[in-house]
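Dear colleague,

I am passing on the structure we spoke about, and below it you will find my notes on what turned up when I went through it. Please read them with the coordinates open beside you.

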Amino acid sequence: VSDVAPRAHWDEIYETRAAEDVSWYQRDPEVSLALVTAHSRPESAIVDVGAGQSRLVDRLLELGYHDVTLLDVSRVALDEVARRTGHVGPVTLIESDVRDWRPTRTYDVWHDRAALHFLDRPEGYVEVATAAVIEGGVAIIGVFAPDGPTHCSGLAVTRYDAAGLADLFEASFDLVSDRREEHVTPSGATQPFTWVVLRRRGN
Ligand SMILES: C[S@@+](CC[C@H](N)C(=O)[O-])C[C@H]1O[C@@H](n2cnc3c(N)ncnc32)[C@H](O)[C@@H]1O
């Protein structure tokens with residue numbers, strides 16, 4: 001199910017639900033911000049994959065980051081972020097299914113919170129990440145943990161532990177660190193996440 005027409009599915013969600021009501025909403029994307037800033041500087045090139053309407057970009061701009069790219073399959077989500085951040089600083093927006101994206105430059109940091117787990121065939125995703133992340137750069141990925149939800153917004157997800165994520169990326173990335181997060185949704189449910197930091201090896 002999850003590989004079918006993701007664009008229409010996500011556009012409809014963002015058209016019909018308030019940003020603060022979706023289960024993945026965070027007023028303060030604490031773990032993302034801590035991991036991204038620990039592995040980068042304001043000069044670094046950052047890409048947030050499946051960025052949705054996350055406030056990570058707002059926080060990064062406040063810290064002086066000036067090379068931030070947001071990629072999402074939903075134009076509706078990106079339009080809203082453009083409206084929100086327009087007065088703060090320049091952000092590059094890319095409307096694409098991540099699996100179809102052919103990056104034309106490299107990034108120091110690839111960040112993905114809760115997009116990868118929707119893909120039942122994640123191999124294409126790994127190829128794109130390998131092309132996009134500069135050697136020595138990092139991929140920071142957060143997905144539902146093995147004891148996390150089986151579905152999100154009506155779509156089935158694949159749940160991962162840190163070893164599972166490390167295996168998926170093992171051809172070109174080494175596991176640097178991992179952590180668990182208990183995300184509390186706006187309705188008060190707890191969703192365990194697995195986070196990993198992976199470093200892109202040289203060829
Ligand atoms: C659960 S939301 C998480 C949004 C954001 N990362 C956050 O933490 O608030 C998943 C996001 O991934 C996007 N997405 C889903 N499948 C995608 C795909 N194949 N390519 C690009 N974006 C995708 C959706 O549009 C949505 O914005």
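L70 stands opposite L93 in strand 3, and this pair belongs to a parallel pairing in which 4 bridges join strand 2 (residues 68-72) to strand 3. Please keep in mind throughout that this is a predicted model.

Helix 5 (residues 123-132) has Y125, V126, V128, A129, T130 and A132 as buried residues. What do these buried residues pack against? Their partners are strand 1 (46-49), strand 4 (107-113), strand 5 (133-144), helix 6 (162-168), strand 8 (173-184) and strand 9 (190-200).

Turning to the ligand, there are 19 residues around it, of which Y14, G50, D72, V98 and R113 come nearest. A nitrogen atom of the ligand lies 2.8 Å from a backbone N or O atom of G50, while an oxygen atom of the ligand is 2.6 Å from an N or O atom in the side chain of D72. A backbone N or O atom of V73 is also found 3.3 Å from a nitrogen atom of the ligand. Taken alone the ligand exposes 590 Å², and the protein buries 97% of that.

R113, one of the residues that come nearest to the ligand, also has a side-chain polar contact of 3.2 Å with the side chain of Q26. Q26 sits in the loop between helix 1 (6-16) and helix 2 (30-38), and it counts as buried because its relative accessibility is 14%, under the 20% cut-off. Leaving aside residues up to four places away in sequence, Q26 touches R55, R113, E181 and H183.

Two residues other than glycine have a positive phi and may be worth a look. For A114, phi is near 70°; this residue lies in the loop between strand 4 and helix 5 and is buried, with a relative accessible area of 15%. For S153, phi is near 50°; its place is in the loop between strand 6 (151-152) and strand 7 (155-156), and at 21% relative accessibility S153 counts as partly exposed.

The loop between strand 4 and helix 5 also holds D120, which at 40% relative accessibility counts as partly exposed. D120 and T85 are 35 residues apart in sequence, and their C-alpha atoms are 32 Å apart in space.

Technical notes. Residues are numbered from 1 along each chain as its sequence is written. This is a predicted model: local features need pLDDT of at least 70, side-chain atom pairs count only at pLDDT 80 or more; totals for chains, interfaces and linings use all residues. Side-chain values use heavy atoms; hydrogens and water are left out. Buried means under 20% relative accessible area, exposed over 50%, partly exposed in between (1.4 Å probe, protein chains only). Contact means heavy atoms within 4.5 Å. Two strands pair if DSSP finds at least two bridges between them. A residue is near a molecule or strand if one of its heavy atoms lies within 4 Å of it. A polar contact is a pair of N or O atoms within 3.5 Å; within protein, one must be able to donate a hydrogen and the other to accept it, and residues adjacent in sequence count only if both atoms are side-chain atoms. Accessible areas come from the Shrake-Rupley method with a 1.4 Å probe; for residues, only the protein chains shown count as cover.
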